[in-house]
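This report walks through one structure, element by element. Please keep the sequence and the 3D view at hand.

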Amino acid sequence: MGAIGPVMADASPKLPNISAQDLLTKVQSAKVDGLSGTVQSSADLGLPAIPGMRGANSQITDLLSGQHTARVAFATPDKARVSLLDNQSEQLWTTDGKSAWAYDSSKREATKLTLPAHSASKPEKTQPQQNYNPQAVAKQFLAAIDPSTQVQVSGTEKVAGRDAYKLKLVPKTDKTTVGSVTVAVDSKTWVPLDVTVMPRSGGSPAVELGFTSVSFDVPSASSFAFTPPAGVKVTEQKAPAKTELPKQVNPKTTPKLLPRKPVPNANANKPTVIGTGWDSVVMIRGAQTADLTGNGKLGGQLGQLLAKAPTVQGSWGSGKIVTSKMISALITNDGRIFAGLVTPDTLQAAAAKAPR
């Protein structure tokens, strides 16, 4: 646990004093049967999107960019709906636990995914819900708390018309680009209502995600139903059952003259997290990064970005490193991408420890 700071008593609204330790415990154990509301998010990370990083949704910054408004609803154990409203268009993800829908009004397309019975896993189509859920986002930062984190109650505030405590996390390590994270915690349900991330370099918030309106009444079952509008192209899919890897060949029963087939690694291209807490870095394999030498094969925004980026090398290989006020990204010649809310030196140190 990090260092626990004192409670500030000079903020409004007036709420009973609570220690940072007690507040943190309440936040981590908070549970409601359902909620609905409107969430606004804004992000100023200073870094263009990097192709290949889409799968790294363990990092809160991956899907948060610009300004967005979303209408959300959640109900235990497996119902969720997020409607993202941007530029007079709507992107919707919803699941009632039996099926999941993804709908894009601008493309006039919808995908229906039938889920396996009693499936505890969340389909990929509904993963964006986590990025517009302040509670889920807050828990990602709370998971970074370790002895290098100062934790304090920095006051109180009103969020979406509700009284909230401000739980502030300040990394002591100089390896991260995060200056502080403030979580506004509802004083009755102990659910995070707002998350604000400040860069270590100062200035305006790098990320802010919070409710502008919220209700903790359990949404009705109809809230998670979806009927495609007329004229929308619908694609139906069925989520595969749990995939089992081929069993390892038993060397005792295999003739020596027959070569054994290698077991495929189903997780080879999945994001890998290196390090812990504030120093954690996400690695992705299999990106199209073979030409980072400036020969012109990489076009578009990424090509322009890398053309100006410095070339670096180490025991991990060689590549280009891109930095912003919050994110550092290392793009290697061998198809790996490393990214995190860390300094460039920390990123290269992580790459040196990473599996090939």
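## Strand 18 and its neighbours

In which sense do strand 18 and strand 19 pair, and over how many bridges? Strand 18 and strand 19 (residues 337-340) pair in the antiparallel sense, over 4 bridges. Two strands count as paired if DSSP finds at least two bridges between them. Strands (E, at least two residues) and helices (H or I, at least four) are DSSP runs, numbered from the N terminus. The model is a predicted one: local features need pLDDT of at least 70, side-chain atom pairs count only at pLDDT 80 or more, and totals for chains, interfaces and linings use all residues. Residues are numbered from 1 along each chain as its sequence is written, and side-chain values use heavy atoms, leaving out hydrogens and water.

I331 stands opposite I337 in strand 19. The hairpin of strand 18 and strand 19 has 4 residues between the strands, and G335 there takes a positive phi near 90°. Strand 17 (residues 317-323) also pairs with strand 18, antiparallel, over 5 bridges. A hairpin through 4 residues joins strand 17 to strand 18. K320 has I331 as its bridge partner in strand 18.

## Burial of strand 18

Strand 18 (residues 328-332) has 5 of its 5 residues buried, so the rest of the structure largely encloses it. Buried means under 20% relative accessible area, exposed over 50%, and partly exposed in between (1.4 Å probe, protein chains only). In a regular strand, side chains alternate between the two faces of the sheet. S328, L330 and T332 point one way from strand 18, and A329 and I331 point the other way.

Contact means heavy atoms within 4.5 Å.

## Helix 2

Helix 2 (residues 134-142) is mostly covered, with 7 of its 9 residues buried. The buried residues are P134, Q135, A136, V137, A138, F141 and L142. Their cover includes helix 1 (20-29), strand 2 (34-43) and strand 9 (162-171). At the start of helix 2, a side-chain oxygen of N133 reaches to within 3.0 Å of the backbone nitrogen of Q135.

## Strands 8 and 9

Strand 8 (residues 149-159) is mostly covered: 8 of its 11 residues are buried. Strand 8 and strand 9 run antiparallel, joined by 10 bridges. Q152 has K168 as its bridge partner in strand 9. The two strands form a hairpin with 2 residues between them, and A160 in the turn has a positive phi of about 55°.

## The cores

The largest nonpolar core has 54 residues. A nonpolar core is a set of buried Ala, Val, Leu, Ile, Met, Phe, Trp, Tyr and Cys residues joined through side-chain atoms within 4.5 Å. L23, F141, L169 and V181 have the most contacts inside the largest core. Strand 10 gives the largest share of this core, 5 residues. Apart from it lies another core, of 13 residues, among them V281, I321, L330 and A351.

How values were computed: A polar contact is a pair of N or O atoms within 3.5 Å; within protein, one must be able to donate a hydrogen and the other to accept it, and residues adjacent in sequence count only if both atoms are side-chain atoms.
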